[in-house]
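Let me put the structure up, and then I'll talk through a few spots in it.

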Amino acid sequence: MKILFVCQQYIHSARWIHQLKDTEHQIYVFDCLDNPIHKYLLWTNFTTDWQKRKIPYIKGEHFIAKKLPRIYEFISPFLKVTASERLEKLIKEIKPDLVHSLEMLTQSYPLLKVHAKLNFLWAYSSWGSDMFLYHQNKNHQLKIKRVLSRVSFFFSDNSRDYSLAKQLGYKNECFEVLPGGGGYHLDTYQSYKKPQLSRNLILIKGYQHWVGRALKVLEALALINS
């Protein structure tokens with residue numbers, strides 16, 4: 001089976017895809033942001049350095065992309081090779097049995113134009129806030145609904161997103177809740193386990209920005225300790 005993964009080069013997607021190493025499947029990897037291939041995925045058939053310019057860089061492009069994204073989306077096909085264009089060419093070349101996009105905004109949106117032209121089986125994995133946060137924006141909600149109307153298989157690491165997908169019109173197959181990063185090798189962490197009374201460190205992994213509220217965790221710990 002030929003599977004084309006359309007994903008960002010993060011550890012989560014690398015772990016998910018790495019589960020298929022040494023299987024009978026032929027694995028292809030494409031990142032719509034054209035980031036370097038993750039070291040865990042060097043064994044795959046990957047595409048990099050595809051984002052070529054059609055015309056030389058024009059002063060002000062970065063400003064338009066940041067401040068006027070809808071206008072930039074319209075003009076970008078005249079400036080450079082787009083993810084949709086390269087994906088269309090790649091899918092025609094390899095003829096995958098399944099195209100699996102991991103994440104909505106950057107990795108699934110570009111597939112909309114391609115799926116309108118080519119007939120391929122499409123799976124989508126929802127991660128983090130890519131549906132839960134963005135569906136509240138009218139423009140994003142329309143695009144999310146368009147993606148869900150074309151997707152045949154849906155994966156999520158939580159039941160909340162399954163319910164949300166159905167509310168947004170998804171009617172096809174949902175799989176059981178699965179870890180977004182493909183799970184962990186628990187045996188590796190056994191040596192780090194200690195009795196509670198012998199521990200004196202709390203380690204928190206989080207973000208504090210538009211999608212992260214890690215400081216609230218610190219505030220909660222401070223309240224518990226007071």
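So, which residue does the side chain of Asp49 meet in a salt bridge? That would be Lys52, with 3.1 Å from N to O. By salt bridge I mean a side-chain nitrogen of Lys or Arg within 4 Å of a carboxyl oxygen of Asp or Glu.

Some housekeeping before I go on. This is a predicted model, with local features needing pLDDT of at least 70 and side-chain atom pairs counting only at pLDDT 80 or more, while totals for chains, interfaces and linings use all residues. Residues are numbered from 1 along each chain as its sequence is written, and side-chain values use heavy atoms, with hydrogens and water left out.

Okay, back to that pair. Asp49 is exposed, at 54% relative accessible area, whereas Lys52 is partly exposed at 41%. The cut-offs there: buried is under 20% relative accessible area, exposed is over 50%, and partly exposed is in between, using a 1.4 Å probe and protein chains only.

How many salt bridges does the structure hold? Eight. One of them joins Arg160 and Asp161, at 3.0 Å from N to O. Arg160 is partly exposed, with 36% relative accessibility, but Asp161 is buried, at 0%. There's also a network, where salt bridges with shared partners link Glu88, Lys92 and Lys117. Within that, the closest N and O atoms of Lys92 and Glu88 are 3.2 Å apart. Those two residues sit four apart in helix 4, residues 83-94, so about one helical turn separates them.

Now the overall picture. The chain has eight helices and nine strands; these are DSSP runs numbered from the N terminus, with helices being H or I of at least four residues and strands being E of at least two. Along the principal axes, the C-alpha atoms fill a box of roughly 60 × 45 × 40 Å. Of the 226 residues, 37% are buried. Taking contacts between residues at least 6 apart in sequence, 57% join residues at least 24 apart, where contact means heavy atoms within 4.5 Å.

Which residues does Arg15 touch, leaving aside neighbours within four places in sequence? Tyr40, Gly181 and Tyr184. Gly181 is 166 residues away along the chain, yet its C-alpha is separated from that of Arg15 by 5.5 Å.

Last stop, the surface. The chain exposes about 14700 Å², and carbon and sulfur atoms supply 57% of that; the areas come from the Shrake-Rupley method with a 1.4 Å probe, and for residues only the protein chains shown count as cover. There's a nonpolar surface patch made of Ile202, Ile204, Leu215, Val217 and Leu218, with about 430 Å² of accessible area together. Patch residues have over 30% relative accessible area and no salt bridge, with nonpolar side chains (Val, Leu, Ile, Met, Phe, Trp, Tyr) joined within 5 Å and like charges within 9 Å. Leu215, for one, belongs to helix 8, residues 214-225, and is partly exposed at 43%.
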